Amino acid sequence: MRNRLLLSIIILVSLVIGVCSLRRGHEWGDDFAWYILQAKSILNGTINEFMEQSAFTNYQSTTYLGPLAYPWGYPLILTPAYAVKGINPLALKLPGLFFYTGFLICLYFLMKNRLTQTENLLLVSLFAFNPLLLQFLDQILSDIPFLFFSTLSLLLITQETKRGILQYILIGVSIFFTTFLRSTGILLLGSFLIIEFFKLLSNRKNQTVVKEIIQNSFVVCFVFVLFWTLNILLFPSGGESYLSQYAGLSLETIKGSVAAYFSVFSRFFGEANGWRYLYYFVLIFFLIGVWEQRKKETIFLLFFVLWMIVHITYPYWQGPRYIFPLLPIFIYFTFQGMKSAINKLPEQYYPTGQKVFYGFWVLLAGVFLFTSSASAYVNLKNDRAINGPFDSYSTEIYNYIKEKTPPNSVVVFFKPRVMVMMTEHPAIMSTECDRMLKGDYIVLSRKVGENQQITPEKIDACNLPLNQVLKNSRFIVYEIQK
(Lines give C-alpha, C1' and ligand atoms only; values in the text may rest on other atoms or scores of the structure.)
Protein backbone atom coordinates (compact mmCIF):
# COMPACT_ATOMS: atom_id res chain seq x y z
CA MET A 1 0.00 0.00 0.00
CA ARG A 2 2.83 2.39 0.94
CA ASN A 3 4.64 1.72 -2.35
CA ARG A 4 1.48 2.34 -4.37
CA LEU A 5 1.03 5.64 -2.53
CA LEU A 6 4.62 6.65 -3.30
CA LEU A 7 4.13 5.66 -6.93
CA SER A 8 0.97 7.79 -7.10
CA ILE A 9 2.83 10.78 -5.63
CA ILE A 10 5.71 10.35 -8.10
CA ILE A 11 3.32 10.16 -11.06
CA LEU A 12 1.25 13.11 -9.80
CA VAL A 13 4.37 15.30 -9.43
CA SER A 14 5.49 14.24 -12.91
CA LEU A 15 2.07 15.11 -14.31
CA VAL A 16 2.09 18.56 -12.69
CA ILE A 17 5.57 19.30 -14.05
CA GLY A 18 4.49 18.03 -17.47
CA VAL A 19 1.42 20.28 -17.54
CA CYS A 20 3.50 23.28 -16.47
CA SER A 21 6.08 22.52 -19.19
CA LEU A 22 3.63 22.82 -22.08
CA ARG A 23 3.90 25.93 -24.25
CA ARG A 24 1.19 27.66 -26.27
CA GLY A 25 2.90 27.17 -29.61
CA HIS A 26 5.29 24.69 -31.15
CA GLU A 27 8.86 24.50 -32.35
CA TRP A 28 9.59 24.85 -36.05
CA GLY A 29 9.41 21.56 -37.85
CA ASP A 30 6.40 20.31 -39.74
CA ASP A 31 5.93 16.64 -38.94
CA PHE A 32 3.44 17.75 -36.31
CA ALA A 33 1.45 19.64 -38.96
CA TRP A 34 0.92 16.48 -41.00
CA TYR A 35 -0.29 14.59 -37.92
CA ILE A 36 -2.81 17.36 -37.25
CA LEU A 37 -3.96 17.44 -40.88
CA GLN A 38 -4.38 13.67 -40.85
CA ALA A 39 -6.52 14.02 -37.72
CA LYS A 40 -8.53 16.72 -39.47
CA SER A 41 -9.06 14.48 -42.50
CA ILE A 42 -10.32 11.65 -40.28
CA LEU A 43 -12.79 13.98 -38.58
CA ASN A 44 -14.02 15.57 -41.83
CA GLY A 45 -13.95 12.41 -43.96
CA THR A 46 -11.45 14.01 -46.36
CA ILE A 47 -8.67 11.42 -46.23
CA ASN A 48 -8.43 11.10 -50.02
CA GLU A 49 -8.13 14.86 -50.43
CA PHE A 50 -5.40 14.89 -47.78
CA MET A 51 -3.45 12.19 -49.66
CA GLU A 52 -3.67 14.23 -52.88
CA GLN A 53 -2.39 17.33 -51.08
CA SER A 54 0.40 15.32 -49.49
CA ALA A 55 1.45 13.88 -52.83
CA PHE A 56 1.59 17.37 -54.35
CA THR A 57 3.69 18.78 -51.49
CA ASN A 58 6.10 15.83 -51.49
CA TYR A 59 6.56 15.31 -55.20
CA GLN A 60 6.79 19.01 -56.16
CA SER A 61 9.29 19.91 -53.42
CA THR A 62 13.06 19.74 -53.79
CA THR A 63 13.27 16.72 -51.47
CA TYR A 64 10.84 14.32 -49.85
CA LEU A 65 9.56 15.88 -46.66
CA GLY A 66 8.39 12.59 -45.18
CA PRO A 67 5.91 9.82 -45.96
CA LEU A 68 2.71 10.72 -47.80
CA ALA A 69 0.93 9.76 -44.60
CA TYR A 70 2.26 8.79 -41.21
CA PRO A 71 0.75 5.68 -39.59
CA TRP A 72 -2.78 6.64 -38.66
CA GLY A 73 -2.67 5.66 -34.98
CA TYR A 74 -1.45 9.00 -33.66
CA PRO A 75 -3.74 11.12 -35.88
CA LEU A 76 -6.61 8.99 -34.54
CA ILE A 77 -5.47 9.81 -30.99
CA LEU A 78 -5.42 13.53 -31.85
CA THR A 79 -8.86 13.52 -33.47
CA PRO A 80 -10.96 14.07 -30.29
CA ALA A 81 -8.75 17.00 -29.20
CA TYR A 82 -8.92 18.46 -32.72
CA ALA A 83 -12.70 18.01 -32.79
CA VAL A 84 -13.05 20.03 -29.57
CA LYS A 85 -10.37 22.72 -29.97
CA GLY A 86 -9.22 22.67 -33.60
CA ILE A 87 -5.59 23.69 -34.24
CA ASN A 88 -4.82 24.42 -30.62
CA PRO A 89 -1.28 23.32 -29.64
CA LEU A 90 -1.97 23.10 -25.91
CA ALA A 91 -5.02 20.91 -26.38
CA LEU A 92 -3.26 18.69 -28.92
CA LYS A 93 -0.39 18.09 -26.47
CA LEU A 94 -2.67 16.76 -23.71
CA PRO A 95 -2.90 13.19 -25.12
CA GLY A 96 0.87 12.94 -24.70
CA LEU A 97 0.51 13.62 -20.97
CA PHE A 98 -2.10 10.89 -20.68
CA PHE A 99 0.08 8.33 -22.43
CA TYR A 100 3.17 9.34 -20.46
CA THR A 101 1.28 8.65 -17.25
CA GLY A 102 0.31 5.27 -18.68
CA PHE A 103 3.94 4.60 -19.58
CA LEU A 104 5.10 5.24 -16.00
CA ILE A 105 2.47 2.81 -14.68
CA CYS A 106 3.48 0.14 -17.23
CA LEU A 107 7.15 0.68 -16.38
CA TYR A 108 6.43 0.12 -12.69
CA PHE A 109 4.69 -3.18 -13.37
CA LEU A 110 7.31 -4.23 -15.94
CA MET A 111 10.03 -3.91 -13.29
CA LYS A 112 7.95 -5.08 -10.32
CA ASN A 113 9.34 -8.62 -10.29
CA ARG A 114 12.78 -7.63 -11.56
CA LEU A 115 13.80 -5.08 -8.93
CA THR A 116 13.09 -4.50 -5.27
CA GLN A 117 10.28 -2.08 -4.49
CA THR A 118 12.73 0.70 -3.59
CA GLU A 119 14.76 0.15 -6.75
CA ASN A 120 11.60 0.10 -8.83
CA LEU A 121 10.37 3.40 -7.41
CA LEU A 122 13.81 4.90 -8.02
CA LEU A 123 13.80 3.74 -11.63
CA VAL A 124 10.30 5.09 -12.23
CA SER A 125 11.36 8.41 -10.64
CA LEU A 126 14.24 8.73 -13.12
CA PHE A 127 11.69 8.67 -15.94
CA ALA A 128 8.96 10.60 -14.13
CA PHE A 129 11.29 13.58 -13.54
CA ASN A 130 13.56 13.24 -16.56
CA PRO A 131 14.07 16.65 -18.26
CA LEU A 132 14.52 15.18 -21.75
CA LEU A 133 11.26 13.25 -21.65
CA LEU A 134 9.20 15.86 -19.82
CA GLN A 135 10.31 18.57 -22.24
CA PHE A 136 9.41 16.29 -25.13
CA LEU A 137 5.80 16.32 -23.96
CA ASP A 138 5.72 19.76 -25.57
CA GLN A 139 5.94 18.09 -29.00
CA ILE A 140 2.91 16.99 -31.04
CA LEU A 141 4.55 13.77 -32.20
CA SER A 142 3.85 10.05 -31.88
CA ASP A 143 6.89 9.13 -29.75
CA ILE A 144 5.27 9.25 -26.30
CA PRO A 145 2.18 7.15 -27.22
CA PHE A 146 4.60 4.77 -28.95
CA LEU A 147 6.67 4.58 -25.76
CA PHE A 148 3.53 3.65 -23.83
CA PHE A 149 2.45 0.88 -26.20
CA SER A 150 5.95 -0.55 -26.68
CA THR A 151 6.39 -0.75 -22.89
CA LEU A 152 2.91 -2.24 -22.50
CA SER A 153 3.77 -4.85 -25.14
CA LEU A 154 6.98 -5.82 -23.32
CA LEU A 155 5.01 -6.03 -20.07
CA LEU A 156 2.43 -8.39 -21.60
CA ILE A 157 5.05 -10.50 -23.39
CA THR A 158 7.17 -10.97 -20.27
CA GLN A 159 4.44 -11.54 -17.69
CA GLU A 160 5.36 -14.68 -15.77
CA THR A 161 1.86 -15.60 -14.61
CA LYS A 162 0.14 -18.53 -16.29
CA ARG A 163 -1.05 -17.29 -19.63
CA GLY A 164 -4.45 -17.94 -21.11
CA ILE A 165 -5.65 -17.16 -24.61
CA LEU A 166 -6.74 -13.67 -23.46
CA GLN A 167 -3.13 -12.86 -22.63
CA TYR A 168 -2.02 -13.64 -26.19
CA ILE A 169 -4.94 -11.72 -27.66
CA LEU A 170 -3.83 -8.69 -25.63
CA ILE A 171 -0.24 -9.14 -26.84
CA GLY A 172 -1.46 -9.11 -30.45
CA VAL A 173 -3.61 -6.04 -29.85
CA SER A 174 -0.84 -4.15 -28.06
CA ILE A 175 1.75 -4.90 -30.75
CA PHE A 176 -0.76 -3.80 -33.39
CA PHE A 177 -1.34 -0.44 -31.71
CA THR A 178 2.42 0.02 -31.36
CA THR A 179 2.82 -0.58 -35.09
CA PHE A 180 -0.26 1.54 -35.81
CA LEU A 181 1.69 4.43 -34.31
CA ARG A 182 5.05 3.78 -35.96
CA SER A 183 5.96 1.05 -38.42
CA THR A 184 8.97 0.00 -36.33
CA GLY A 185 6.51 -1.44 -33.82
CA ILE A 186 6.59 -4.56 -35.98
CA LEU A 187 9.97 -5.29 -34.39
CA LEU A 188 8.10 -6.29 -31.23
CA LEU A 189 6.21 -8.95 -33.17
CA GLY A 190 9.47 -10.14 -34.71
CA SER A 191 11.13 -10.30 -31.28
CA PHE A 192 8.20 -12.22 -29.81
CA LEU A 193 8.14 -14.78 -32.63
CA ILE A 194 11.92 -15.32 -32.53
CA ILE A 195 11.75 -16.01 -28.79
CA GLU A 196 8.84 -18.39 -29.27
CA PHE A 197 10.71 -20.17 -32.08
CA PHE A 198 13.69 -20.87 -29.83
CA LYS A 199 11.34 -22.03 -27.08
CA LEU A 200 9.85 -24.42 -29.60
CA LEU A 201 13.30 -25.76 -30.54
CA SER A 202 14.30 -26.30 -26.92
CA ASN A 203 11.03 -28.16 -26.21
CA ARG A 204 10.70 -29.97 -29.55
CA LYS A 205 10.50 -33.39 -27.86
CA ASN A 206 7.51 -32.33 -25.78
CA GLN A 207 4.61 -32.33 -28.23
CA THR A 208 2.22 -30.76 -25.75
CA VAL A 209 4.49 -27.75 -25.25
CA VAL A 210 5.22 -27.49 -28.98
CA LYS A 211 1.50 -27.47 -29.76
CA GLU A 212 0.90 -24.80 -27.12
CA ILE A 213 3.69 -22.56 -28.45
CA ILE A 214 2.41 -22.83 -32.03
CA GLN A 215 -1.17 -22.18 -30.95
CA ASN A 216 -0.28 -19.13 -28.85
CA SER A 217 1.96 -17.68 -31.56
CA PHE A 218 -0.84 -18.16 -34.06
CA VAL A 219 -3.27 -16.28 -31.81
CA VAL A 220 -0.89 -13.30 -31.54
CA CYS A 221 -0.29 -13.25 -35.30
CA PHE A 222 -3.96 -13.72 -36.14
CA VAL A 223 -5.05 -10.82 -33.90
CA PHE A 224 -2.31 -8.60 -35.31
CA VAL A 225 -3.18 -9.47 -38.93
CA LEU A 226 -6.90 -9.02 -38.24
CA PHE A 227 -6.41 -5.51 -36.90
CA TRP A 228 -3.85 -4.66 -39.57
CA THR A 229 -6.33 -5.73 -42.26
CA LEU A 230 -8.91 -3.35 -40.77
CA ASN A 231 -6.26 -0.63 -40.83
CA ILE A 232 -5.57 -1.26 -44.52
CA LEU A 233 -9.29 -1.23 -45.33
CA LEU A 234 -9.96 2.00 -43.43
CA PHE A 235 -6.83 4.06 -44.06
CA PRO A 236 -4.59 4.55 -47.09
CA SER A 237 -0.93 3.68 -46.78
CA GLY A 238 1.60 6.42 -47.28
CA GLY A 239 4.71 4.79 -45.92
CA GLU A 240 6.13 3.62 -49.24
CA SER A 241 8.12 6.84 -49.43
CA TYR A 242 10.02 5.68 -46.33
CA LEU A 243 11.67 3.04 -48.52
CA SER A 244 12.70 5.61 -51.10
CA GLN A 245 14.68 7.42 -48.39
CA TYR A 246 17.01 4.42 -48.14
CA ALA A 247 18.40 5.48 -51.52
CA GLY A 248 20.64 7.80 -49.53
CA LEU A 249 22.11 4.95 -47.47
CA SER A 250 25.89 4.55 -47.58
CA LEU A 251 28.66 3.05 -45.49
CA GLU A 252 29.64 6.52 -44.33
CA THR A 253 26.04 7.16 -43.24
CA ILE A 254 26.02 3.94 -41.21
CA LYS A 255 29.34 4.83 -39.56
CA GLY A 256 27.97 8.24 -38.65
CA SER A 257 24.78 6.70 -37.27
CA VAL A 258 26.70 4.22 -35.12
CA ALA A 259 28.66 7.06 -33.52
CA ALA A 260 25.55 9.23 -33.13
CA TYR A 261 23.41 6.50 -31.55
CA PHE A 262 26.26 5.47 -29.26
CA SER A 263 26.44 9.02 -27.91
CA VAL A 264 22.75 9.90 -27.88
CA PHE A 265 21.98 7.77 -24.80
CA SER A 266 23.89 10.39 -22.80
CA ARG A 267 21.02 12.81 -23.49
CA PHE A 268 18.93 10.87 -20.96
CA PHE A 269 21.17 12.37 -18.25
CA GLY A 270 21.53 15.86 -19.72
CA GLU A 271 22.65 17.95 -22.68
CA ALA A 272 25.86 19.42 -21.27
CA ASN A 273 29.11 17.67 -22.19
CA GLY A 274 29.76 16.78 -18.56
CA TRP A 275 26.81 14.39 -18.58
CA ARG A 276 28.52 12.40 -21.32
CA TYR A 277 31.21 11.30 -18.87
CA LEU A 278 28.53 10.06 -16.49
CA TYR A 279 27.03 8.13 -19.40
CA TYR A 280 30.40 6.49 -20.13
CA PHE A 281 30.55 5.50 -16.46
CA VAL A 282 27.09 3.90 -16.35
CA LEU A 283 27.67 2.29 -19.76
CA ILE A 284 30.17 -0.04 -18.08
CA PHE A 285 27.46 -1.26 -15.72
CA PHE A 286 24.96 -1.50 -18.58
CA LEU A 287 27.28 -3.95 -20.34
CA ILE A 288 27.78 -5.91 -17.11
CA GLY A 289 24.00 -6.05 -16.67
CA VAL A 290 23.53 -7.26 -20.24
CA TRP A 291 26.00 -10.07 -19.65
CA GLU A 292 24.52 -11.07 -16.31
CA GLN A 293 20.91 -11.02 -17.57
CA ARG A 294 21.51 -12.29 -21.13
CA LYS A 295 19.66 -15.56 -20.61
CA LYS A 296 16.86 -14.24 -18.42
CA GLU A 297 16.00 -11.09 -20.40
CA THR A 298 16.37 -12.33 -23.98
CA ILE A 299 13.34 -10.42 -25.24
CA PHE A 300 14.81 -7.11 -24.00
CA LEU A 301 18.15 -7.80 -25.68
CA LEU A 302 16.60 -8.95 -28.94
CA PHE A 303 14.29 -5.95 -29.19
CA PHE A 304 17.19 -3.62 -28.32
CA VAL A 305 19.46 -5.10 -31.02
CA LEU A 306 16.79 -5.20 -33.74
CA TRP A 307 15.78 -1.63 -32.97
CA MET A 308 19.35 -0.38 -33.19
CA ILE A 309 20.01 -2.20 -36.48
CA VAL A 310 16.93 -0.68 -38.12
CA HIS A 311 17.69 2.86 -36.95
CA ILE A 312 21.42 2.78 -37.57
CA THR A 313 20.72 1.86 -41.20
CA TYR A 314 18.07 4.59 -41.59
CA PRO A 315 19.77 7.38 -43.58
CA TYR A 316 18.33 10.33 -41.66
CA TRP A 317 19.20 11.31 -38.10
CA GLN A 318 16.21 11.94 -35.88
CA GLY A 319 17.84 12.69 -32.55
CA PRO A 320 17.18 11.16 -29.13
CA ARG A 321 13.46 10.56 -29.67
CA TYR A 322 14.22 7.41 -31.66
CA ILE A 323 15.79 5.72 -28.64
CA PHE A 324 12.95 6.46 -26.21
CA PRO A 325 11.65 2.85 -26.30
CA LEU A 326 15.13 1.58 -25.41
CA LEU A 327 15.74 3.86 -22.44
CA PRO A 328 13.84 1.69 -19.89
CA ILE A 329 15.86 -1.32 -21.03
CA PHE A 330 19.12 0.64 -20.85
CA ILE A 331 18.49 1.90 -17.31
CA TYR A 332 17.24 -1.52 -16.14
CA PHE A 333 20.40 -3.28 -17.31
CA THR A 334 22.47 -0.51 -15.72
CA PHE A 335 20.71 -1.15 -12.41
CA GLN A 336 21.40 -4.86 -12.73
CA GLY A 337 25.03 -4.27 -13.64
CA MET A 338 25.58 -2.10 -10.56
CA LYS A 339 23.85 -4.63 -8.32
CA SER A 340 26.00 -7.41 -9.77
CA ALA A 341 29.17 -5.42 -9.08
CA ILE A 342 28.04 -4.70 -5.50
CA ASN A 343 27.26 -8.37 -4.90
CA LYS A 344 30.88 -9.23 -5.79
CA LEU A 345 32.28 -6.87 -3.16
CA PRO A 346 33.82 -8.33 0.01
CA GLU A 347 31.17 -8.76 2.69
CA GLN A 348 32.46 -5.86 4.81
CA TYR A 349 32.09 -3.45 1.87
CA TYR A 350 28.64 -4.63 0.76
CA PRO A 351 26.63 -2.18 2.97
CA THR A 352 28.74 0.71 1.70
CA GLY A 353 28.18 -0.43 -1.89
CA GLN A 354 24.42 -0.49 -1.29
CA LYS A 355 24.47 3.02 0.14
CA VAL A 356 26.48 4.32 -2.82
CA PHE A 357 24.06 2.62 -5.24
CA TYR A 358 20.95 4.17 -3.68
CA GLY A 359 22.67 7.49 -3.06
CA PHE A 360 23.77 7.76 -6.70
CA TRP A 361 20.30 7.17 -8.13
CA VAL A 362 18.50 9.27 -5.49
CA LEU A 363 20.87 12.16 -6.23
CA LEU A 364 20.31 11.79 -9.98
CA ALA A 365 16.52 11.66 -9.55
CA GLY A 366 16.78 14.77 -7.36
CA VAL A 367 18.80 16.61 -10.01
CA PHE A 368 16.23 15.61 -12.64
CA LEU A 369 13.37 16.82 -10.42
CA PHE A 370 15.06 20.16 -9.74
CA THR A 371 15.98 20.72 -13.41
CA SER A 372 12.52 19.85 -14.71
CA SER A 373 10.77 21.92 -12.04
CA ALA A 374 12.97 24.94 -12.75
CA SER A 375 12.30 24.62 -16.48
CA ALA A 376 8.55 24.39 -15.85
CA TYR A 377 8.69 27.45 -13.59
CA VAL A 378 10.50 29.49 -16.24
CA ASN A 379 7.93 28.39 -18.81
CA LEU A 380 5.04 29.59 -16.63
CA LYS A 381 6.90 32.82 -15.87
CA ASN A 382 7.18 33.39 -19.64
CA ASP A 383 3.43 32.75 -20.00
CA ARG A 384 4.14 29.55 -21.99
CA ALA A 385 5.39 31.66 -24.90
CA ILE A 386 7.54 30.24 -27.72
CA ASN A 387 8.77 31.65 -31.01
CA GLY A 388 7.68 29.39 -33.83
CA PRO A 389 4.91 28.68 -36.32
CA PHE A 390 2.22 30.02 -33.97
CA ASP A 391 3.82 33.36 -33.01
CA SER A 392 2.52 36.75 -34.14
CA TYR A 393 5.05 37.14 -36.99
CA SER A 394 4.03 33.81 -38.49
CA THR A 395 0.33 34.48 -37.95
CA GLU A 396 0.61 37.73 -39.90
CA ILE A 397 1.95 35.76 -42.87
CA TYR A 398 -0.79 33.12 -42.69
CA ASN A 399 -3.48 35.79 -42.53
CA TYR A 400 -2.08 37.52 -45.59
CA ILE A 401 -1.96 34.26 -47.58
CA LYS A 402 -5.53 33.36 -46.54
CA GLU A 403 -7.06 36.78 -47.08
CA LYS A 404 -5.06 38.42 -49.87
CA THR A 405 -4.21 35.58 -52.27
CA PRO A 406 -6.32 33.33 -54.54
CA PRO A 407 -7.48 30.12 -52.76
CA ASN A 408 -5.50 27.70 -54.94
CA SER A 409 -2.32 29.75 -55.23
CA VAL A 410 0.79 27.70 -54.47
CA VAL A 411 3.09 28.95 -51.70
CA VAL A 412 6.82 28.18 -51.60
CA PHE A 413 7.91 27.96 -47.96
CA PHE A 414 10.64 26.21 -46.00
CA LYS A 415 8.00 24.38 -43.90
CA PRO A 416 5.29 23.72 -46.49
CA ARG A 417 3.25 21.33 -44.37
CA VAL A 418 2.82 24.04 -41.73
CA MET A 419 1.71 26.44 -44.47
CA VAL A 420 -0.87 23.92 -45.71
CA MET A 421 -2.19 23.42 -42.17
CA MET A 422 -2.44 27.12 -41.35
CA THR A 423 -3.70 28.49 -44.69
CA GLU A 424 -5.25 25.53 -46.57
CA HIS A 425 -3.16 26.58 -49.57
CA PRO A 426 -1.06 24.08 -51.52
CA ALA A 427 2.60 24.55 -50.62
CA ILE A 428 6.02 23.23 -51.56
CA MET A 429 9.62 23.60 -50.39
CA SER A 430 12.36 24.60 -52.82
CA THR A 431 16.09 25.26 -52.67
CA GLU A 432 16.27 25.60 -56.47
CA CYS A 433 15.63 28.77 -58.46
CA ASP A 434 13.79 27.04 -61.33
CA ARG A 435 11.49 25.15 -58.98
CA MET A 436 10.38 28.44 -57.41
CA LEU A 437 8.34 29.05 -60.56
CA LYS A 438 6.03 26.20 -59.56
CA GLY A 439 4.68 28.56 -56.90
CA ASP A 440 2.62 31.72 -57.02
CA TYR A 441 3.98 33.20 -53.80
CA ILE A 442 7.30 32.80 -52.01
CA VAL A 443 7.63 33.20 -48.25
CA LEU A 444 11.25 33.47 -47.12
CA SER A 445 12.36 33.29 -43.52
CA ARG A 446 14.91 35.88 -42.46
CA LYS A 447 16.24 33.47 -39.81
CA VAL A 448 16.70 30.22 -41.78
CA GLY A 449 19.80 29.16 -43.72
CA GLU A 450 20.42 27.73 -47.20
CA ASN A 451 19.75 24.08 -46.44
CA GLN A 452 15.97 24.65 -46.33
CA GLN A 453 15.38 27.61 -48.64
CA ILE A 454 17.00 30.17 -50.88
CA THR A 455 17.83 32.92 -48.44
CA PRO A 456 16.51 36.50 -48.86
CA GLU A 457 20.08 37.66 -49.48
CA LYS A 458 20.44 35.33 -52.47
CA ILE A 459 16.95 35.34 -53.95
CA ASP A 460 17.84 38.16 -56.40
CA ALA A 461 20.46 35.89 -58.00
CA CYS A 462 17.63 33.67 -59.25
CA ASN A 463 16.41 36.47 -61.56
CA LEU A 464 12.78 35.66 -60.84
CA PRO A 465 9.97 38.14 -61.60
CA LEU A 466 9.22 38.97 -57.96
CA ASN A 467 7.14 41.64 -56.31
CA GLN A 468 7.55 42.08 -52.57
CA VAL A 469 4.10 42.28 -50.98
CA LEU A 470 4.79 41.90 -47.24
CA LYS A 471 7.72 42.10 -44.85
CA ASN A 472 8.03 41.78 -41.09
CA SER A 473 10.83 41.03 -38.64
CA ARG A 474 10.77 37.33 -39.47
CA PHE A 475 9.57 36.89 -43.06
CA ILE A 476 9.41 38.40 -46.54
CA VAL A 477 6.57 37.54 -48.92
CA TYR A 478 6.97 37.81 -52.69
CA GLU A 479 4.41 37.41 -55.43
CA ILE A 480 5.74 35.68 -58.52
CA GLN A 481 4.58 37.75 -61.49
CA LYS A 482 3.56 35.49 -64.34
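The expected span is 1.5 Å times one less than the number of residues; helices are DSSP runs of H or I with at least four residues, strands runs of E with at least two, numbered from the N terminus. The model is predicted: local features need pLDDT of at least 70 and side-chain atom pairs pLDDT 80 or more, while totals for chains, interfaces and linings use all residues. Residues are numbered from 1 along each chain, and side-chain values use heavy atoms, without hydrogens or water.

Faces of α18
- Ser394, Ile397, Tyr398, Tyr400 and Ile401 are buried (under 20% relative accessible area, with exposed over 50% and partly exposed in between; 1.4 Å probe, protein chains only).
- These buried residues line one face of α18, because they fall within an arc of 160° seen down its axis (directions from the helix axis to the C-beta atoms).
- Ser392, Glu403 and Lys404 are exposed on the face turned away from the buried side.

Nonpolar cores
- The largest nonpolar core has 139 residues (buried Ala, Val, Leu, Ile, Met, Phe, Trp, Tyr and Cys joined through side-chain atoms within 4.5 Å).
- Helix α5 (residues 89–111) gives the largest share of this core, 11 residues.
- A second, separate core has 13 residues, including Val412 and Ile480.
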